[in-house]
Amino acid sequence: MENFKFELDEDGIAVFTFDVPGRSMNTITAGVMKELPQIVEQIKTDPKIKGAVLTSGKASGFCAGADLGEMGSNAAQSTASAEDRLRAAFEGSHSMNRVLRSLETCGKSVACALEGLALGGGLEIALATHYRVAADNPKIQFGLPESKVGLLPGAGGTQRLPRLIGVQNAAMMILQGTSKNATEAKALGFINDVVEPGQTLRAAKKWLKGTPDAVQPWDKKGYRVKDGPYSPGGGMAFVGGNAVLMKQSYGNYPAQKHIMSCLYEGIQVPMDAALRIESRYFVKTLQTPQARAMIRSLFLSMQELSKGANRPEGFAKYEIKKVAVIGAGFMGAGVSYVQAMAGIETVLLDTTIEGAEKGKAYSKKLLDKRVSRGQMTQEKADATLALIKTTTSYDDVKGADFVVEAVFENREIKAEVTKQAEAQLAAGAVFGSNTSTLPITGLAEASVRPENFIGVHFFSPVDKMGLVELILGKKTSQETVAKAIDYVLKIKKTPIVVNDSRGFYTSRIVGTFIGEGLAMLGEGIKPAIIENIGKMAGMPVGPLSLNDEVALDLSWKIREQTKKDLGGAYKATPVDGVIEKMVVDLQRFGRKNGKGFYDYPAEGKKKLWPGITDIVATKVAECPPDLKAELIKRILYIQSLETARCFEEGILTSARDADIGSILGWGFAPYTGGTASLIDGVGVKKFVEECDALAAKYGDRFKPNALLREMAEKGETFYGRYGSEKVKQAA
Amino acid sequence: MSEAYIFDAVRTPRGKGKSTGTLHEVTALSLATQVLQAIRDRNNLDTSKVDDVVFGCVSPVGEQGGDITRIAVINADYAESVAGVQIDRFCASGLEACNMAAAKVKSGEADMVIGGGVESMSRIPMGAAGGSWATDPTIAMKSYFTPQGVGADLIATKYGFTRTDVDAYAVQSQQRAAAAWKEGRFKKSIVPVKDQLGLTLLDRDEHMRPDTTMQSLGSLEPAFTVQGEQMPGFDEVIKQRYPEVEDVMHVHHAGNSSGIVDGASAVLIGTKEMGKALGLKARAKILGGASIGSEPAIMLTGPEFVTAKLLKKLGMTTKDIDLWELNEAFASVVLRWVQALELDMAKVNVNGGAIAMGHPLGATGGMIVGTMVDELERADKERALITLCVGAGMGTAMVIERV
């Protein structure tokens, strides 16, 4: 065996030490899958073995679960659903359940000694042993996080966990993918014992000697599940669970529904049947485009990007010790905080010292919160805050490795800041402009070193939003890109890289989302429908809410600016008048002045402003399922379509960056895998046909671009054409 | 094809459906037995001529399980040859039982059948029979399962009925029921429930609150706010089926919803010929019956559609109906039905309904058939339409004509 070391002690206790060669963490690879049955066979048949312990040879823990890399590549291939392939898929997925079932019914006692974490399939292996002992270390996590990437625990997790800790507890843990530490796990009942670190193996052996032929609770005679769906106390867990799940997920996540079904159907039958049910739902889930897209985007791509996958090769790692943030408004304040948290010496510059201090106070507020929640010591918080130096003088910018300019969206002011800051910078330092709409190449004209100039688009609130959109101006050098990526990774954000244009990628697509909501309003669709549809499509908020958040007057100003910039090329939309009336005549600016598409009462939740129907008469007051499906499609497709246009214009060059940017940047329906994955999931050809149909009904904004038509013609996908390998080759 | 006639109808008074209710100490079997005995005795019925008994019962578990109808037939000392079947169409079970009885007669399968139903809600609580709709994730989520109370609140929200509207309707139900009792309008049908000694235990509907006013109702908290807005939050579920709703207004409470009660009903249905042979006088003719499925999440809008379906089938319009009876599951259900069909409230539920007197699930349909037979005779009217809203989105209806 390659992945397990075998030892037999003088008491006849076999110790199998899980240790996948060449990896820092054990995962369940194809090789492991091959060896597990051998272990079971050995325990069962070797008369010298009285009992067995599974443990790990890695300091990192016991096992982090299945190898999603392997799974992802399998997932990408199969789209056929012929009966034979389904059967084969079931057999493949059920093999792990068979092995673990034979382990727990092998007739001899098996224990699991957990010095470190056990997640996903790792925990599922542990649950199939008769006794789990864990080291007392609050940092060690035990959980089934599969649902976070659109999967379900497929190695008995949905069956053994509810039988150990109850349906309701198991449902919460599995649906949310949350982990527990050893003490919590013991209190819940899925870890049998907690001992001092380093003592788990000894404790396991001790237990084995005292318990020679253990049987799982569910295999004991007379075992009965207490909280099945038709037991007195069990019904509400399902009735309530189904409702909460619908409320939270809008039914968009197949894995979540299937987890509930595994619990519901599995808990009512004996373990062997229960595991078959789980395996079927596992295959069913894996076959959905949602699971495939989610594994790729939320797991594989996230992992790649957070390791700097876009970083141009051939440049040494850029050490960033000092960064100047210019402009201490909400964005600048947030950037200062994340920098200080990453240990970066930060100069926070504003036109007045009061302004700069106000920006710093934001960090103090967040740090105080951490201290009060016990997440940080006062000393650490003080040291962190001390990293931020407020100033009004550009002299303090001297020695900065990186500048983040976060002043008002005004070309003249930005140009002035650029000049003043650059005067203080060393030759290799990077100047980053945090702008959400203004083209970088234009801004870089103010720079004497445009090759060091790059757009660094943060998202608000900076401390919560994980994305940074790096925008390359025409002259931005590859070295600057590498340095900027090093900066973004240092502050623990995920960078995507795009090329320059008005609104770049993210702001431009968000604009189409809001725009489509406004178009619906213009058509006389009842505002409640528009808002509910937005959320049901998987967006974090409805388009009218979002417009209220970004401020209607800002939307209006941007429209006016765009009108001015584009002149005759500007295409008026039916709602331009609505926005103008709201902003100019009625002073309804959005949340910031307490009135926009919504009213914001001092107490209670916001309510849609009834007066909107006086401006736009409601013509569509009901929303039957067909209309609902079409409106959801419009909300999502318009964003993916604009994404395709960004590819054609060269703003985007990577499907991965498009997807991650959309999910992290503005919460685009995660179950689709992102704006590019959505099109691949639908199929480019079908997407084009559907967009053509929408264009015929709602206007040219839905007309597919030439790129999409070409891809449809050639049968291409975004990941085929703009996959990460291609990007690397092009670079 | 034969015609189906109603020869008689009886019902128990309705006891409060809780442990302090008068009928709580009476078994469901006894309730069913007593109505069967009453309809036999007052008609001097040769039970060997009865082919079958169809009773509705919505929670057929425990003492109500195991085909309670057949067991009641035996217990009532009917001829051994009389069959019995228990059926469940949720709240319309009792009316469905009568429709099925009529269908057996019309098809020629049977000559004399008893329809009706039984439910002791105090002894076998609502929901005791379980069911997969709310629990099984595959169907609960797909169909946006939402409890009926939230569905009723959604009807009020969607069709514009305020708390004042639903409370006003509830007050009217109480007043009409009180007046009907005062004038003895139910006396033809009511058979007092007897105890083990044969002494009368209950001879009046004990759920009524004739002194109900807008003020007294106004003090009641809405009943479905918590399950709708908080835990688990069904408002957000049903809004996914009805995105046009921004917020569900919770207007229903115990005072404008049907009461939980115990009771039983029986309706004697047969061919004219068999009636003649048994010396019975037909009181009404069953012109037709129908059932329909409607959108399940809002659940309770079926009456509108089943009424339209049945009237169309009979070649009638709303003008052909003199009296309208819709079970008062919730005030908004009646208000929506009246609004959708543009009915005259003066002809609707003229003697009050389940808000005042209670809704013994499986028995109610048979009870309100009896109420309409009595009222057609008393008020000298021709035709009545009887209907109920039904769980999981259905409607069941029957049209009868005085003979």
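Good morning. Ala4(B) stands opposite Ile286(B) in strand 9 of chain B. The structure is a predicted model, in which local features need pLDDT of at least 70, side-chain atom pairs count only at pLDDT 80 or more, and totals for chains, interfaces and linings use all residues. Residues are numbered from 1 along each chain as its sequence is written, while chains are lettered from A and ligands numbered from 1 in the order in which they are written.

Let me stay with chain B for a moment. Strand 1 (residues 4-11) and strand 9 (residues 284-293) of chain B run antiparallel and are joined by three bridges. Helices (H or I, at least four residues) and strands (E, at least two) are DSSP runs numbered from the N terminus, and two strands pair if DSSP finds at least two bridges between them. Strand 9 of chain B is also joined, by nine bridges and again antiparallel, to strand 12 (residues 394-402) of chain B. There, Lys285(B) has Glu401(B) as its bridge partner.

I turn to the sheet of chain A. Six strands form an open sheet of mixed pairing, in the order 1-2-3-5-7-10. Strand 1 (4-8) and strand 10 (193-195) of chain A stand at the edges with a single partner strand each, so one side of each has no neighbour in the sheet. Within chain A, strand 5 (residues 109-114) and strand 7 (residues 131-135) pair in the parallel sense over four bridges, and Leu114(A) has Ala134(A) as its bridge partner in strand 7 of chain A.

Next, helix 28 of chain A. Its 15 residues (684-698) should span 21 Å at 1.5 Å a residue, and the end C-alpha atoms are 20 Å apart, which agrees; the expected span is 1.5 Å times one less than the number of residues. Val684(A), Phe687(A), Val688(A), Cys691(A) and Leu694(A) are buried in this helix. Buried means that 20 or more other C-beta atoms, placed from the backbone, lie within 10 Å of the residue's own; exposed means 12 or fewer, and partly exposed lies in between. On the other side of helix 28 of chain A, Lys686(A), Ala696(A) and Lys697(A) are exposed. Gly699(A), with a positive phi near 115 degrees, follows the helix.

Finally, the two chains together. In all, 29 residues of chain A are in contact (C-beta atoms, placed from the backbone, within 7 Å) with 21 residues of chain B. Helix 9 of chain A gives the most to the side of chain A that touches chain B, with 10 residues. Thank you.

Key
Contact = placed C-beta atoms within 7 Å.
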